Amino acid sequence: MLRGIGLGAAGLAVSGCGPTRKAQGKAIVIGSGFGGAVAALRLGEAGFSTVVLERGKRWDVDEGHDTFCTNLSPDERSTWLSQKTVMPLGPTYPIKPYVGVLERVSLPNMHVYRGAGVGGGSLVYGGMTVAPEREFHEEIFPAGVPAEELETRYYPMVKAMLGTRVVPEDLYNEPMYTFARVGAAQAQKAGLSKRFIEQACDWDVVRAELRGDVPKAASTGELIYGANSGYKNSLDRNYLPRAEATGMIEIRPLHRVDGIRKEGDKYVVMVTRIDEEGEPIGNETLVCDYLFLGAGSLGTTELLLKSREQGGLPNLNDAVGAGWGSNGNAMFFRSDLGVATGHPQANPPVIAIEDLDNPILPLLVEQAPFPIGFEHNSLLHLAVAFDPQRGRLSWNGVDGRLTLDWPDGGSPHVPTAVTDFNARLNEVNGGKTGLVNKLVDMPGITNDFTYHPLGGVNLGEATDLFGRVKGYDNLFVVDGALVPGSAGCANPALLIAALAERCMEHILETDLA
Ligand code: FAE
């Protein structure tokens, strides 16, 4: 049975300044990343007229293949509303403020990178689709979130939608993956094993790049600012178009949510419409019966904390903001390897080195490319540590911004674990930590950043075991804010989407039935 269809049936109303429009629907989803896209599709399939509010713009790859800018020549399309480009490593460039795809949020002692646009983090992500180790899952989640349920039902569901596959052998053996093969061989020499990572990647497009049928992107290392060849199976190519195809979902880009208020049994959502320079061009006030937060770990936590402080959601409990983690991210080079690691170097990353018995912290060390246009005889790694460090996010009403308590210098455990890993690899292969030459100066281990912000509205603490926010009916969290600070030596997108699938299935069967 279809529910909530028809003009006015769903109780969405609009008021405010600037051009106004009449909106219909019963549910609102805030954000169009992994959690938001899953919620949108499942609401649409269930017949709920739903509006998805997304602060960023659409980034459709078309036949012009000029949707995104490149790593080596970044322009304003790279970065969310900033005077300069952002990147954890390497030079930055002046740009004019624009609603670009990648944002860096600088909190005390921690820079958080996140995507912006229709598709959220999937526009900028590496497509690495990794499930948490079973033993780590059990440490992270309360007993009512069984690993087995995710492994048997929801991970396969998400992987099928994202079209994940490990790198085909012909492509792995191309010169562009020399760095991955060198990394794997050096790990093996140190007694560690490599793992092929499933990728949300259309490998036929990568082959088309090599034939010259489409412009190069994967094969020249494009990833973090988007990919013009269309090799990435981002959410705007699977979940979101399928959601729109239900006829029940309207995605509104360039709609930034500023606050939420409970009024009677409805939710009032305050929205600012922005132009491509980020300037406000109108306000809207939307009203709905069911509200799904998918604005990401920082975005969702911020909206809840701010709305509590401003009186819109006074009943939120004290767990909101607690238990935030960086998923143990660290980036580092091993250089002076005395061996060619290849140029150009391709994305997406295809292998990881398992160091799960590291004496300090379990590590999954991903072999990333460093595509800077010349041979540099080094390897760039992204480590994902099973790190117990947690911080608390809070809303600073005086400055009107989110803040975080996080140790100066970052989590103390992660660099120690990485140093131990490096020592073992360098001992048998040669090489040193860091990369310094006349063109590049990147010493040491970088761990004052994360690509994987997690938590803030943790499952079982700020919500129940299905994302229902404690203190409120019909208010749900479906994104990375639910994950208690770590994805268990795994990149988090698969876990986030799988949890969203689980929450949506349960919520649709019970609360929205
Ligand atoms: P997310 O995807 O961030 O979506 C939130 C959406 O909400 C965004 O589109 C925002 O623009 C929007 N939004 C935020 N605030 C508002 C607001 N106030 N009003 C309206 N809209 C709003 O959240 N993960 C992997 O598993 N594998 C990888 O290979 C990988 N690589 C990555 C590489 C980079 C450079 C980065 C930055 C991240 C990477 N990640 C990867 C992490 C992954 O992208 C991230 O965990 C998920 O995207 C988080 O999903 P959420 O649904 O929580």
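**Around the ligand**

Strand β10 gives the largest share of the shell around the ligand, with 3 residues. Keep in mind that this is a predicted model.

*Who surrounds the ligand*

- In total, 35 residues surround the ligand, and the closest are E54, R55, M128, G480 and A493.
- Sorted by type, the shell has 15 nonpolar, 16 polar and 4 charged residues.

*Polar contacts and cover*

- R55 turns up again here: an N or O atom in its side chain sits 2.8 Å from an oxygen atom of the ligand.
- G35 uses its backbone instead, with an N or O atom 2.9 Å from a ligand oxygen.
- At G127, a polar backbone atom is 3.2 Å from an oxygen atom of the ligand.
- On its own the ligand has 1,000 Å² of accessible area, and the protein covers 95% of that.
- Two or more residues of the shell come from each of these elements: α1 (34–45), β4 (110–115), β10 (255–263) and α10 (493–509).

*Where α3 meets α10*

- Helix α3 (residues 147–162) and α10 have axes that come within 9 Å and cross at roughly 105°.
- On the α3 side, the residues in contact include R153, Y154 and M157, while α10 brings L494, A498 and R502, among others.
- The residues of this contact split into 10 nonpolar and 6 charged, with no polar ones.

Technical notes. Residues are numbered from 1 along each chain as its sequence is written. This is a predicted model: local features need pLDDT of at least 70, side-chain atom pairs count only at pLDDT 80 or more; totals for chains, interfaces and linings use all residues. Side-chain values use heavy atoms; hydrogens and water are left out. A residue is near a molecule or strand if one of its heavy atoms lies within 4 Å of it. A polar contact is a pair of N or O atoms within 3.5 Å; within protein, one must be able to donate a hydrogen and the other to accept it, and residues adjacent in sequence count only if both atoms are side-chain atoms. Accessible areas come from the Shrake-Rupley method with a 1.4 Å probe; for residues, only the protein chains shown count as cover. Helices (H or I, at least four residues) and strands (E, at least two) are DSSP runs, numbered from the N terminus. Ala, Val, Leu, Ile, Met, Phe, Trp, Tyr, Cys and Pro count as nonpolar, Asp, Glu, Lys and Arg as charged, and the others, Gly among them, as polar. Axes are lines fitted to C-alpha atoms, for helices over the stretch in contact, and angles run from 0 to 180 degrees between N-to-C directions. Contact means heavy atoms within 4.5 Å.
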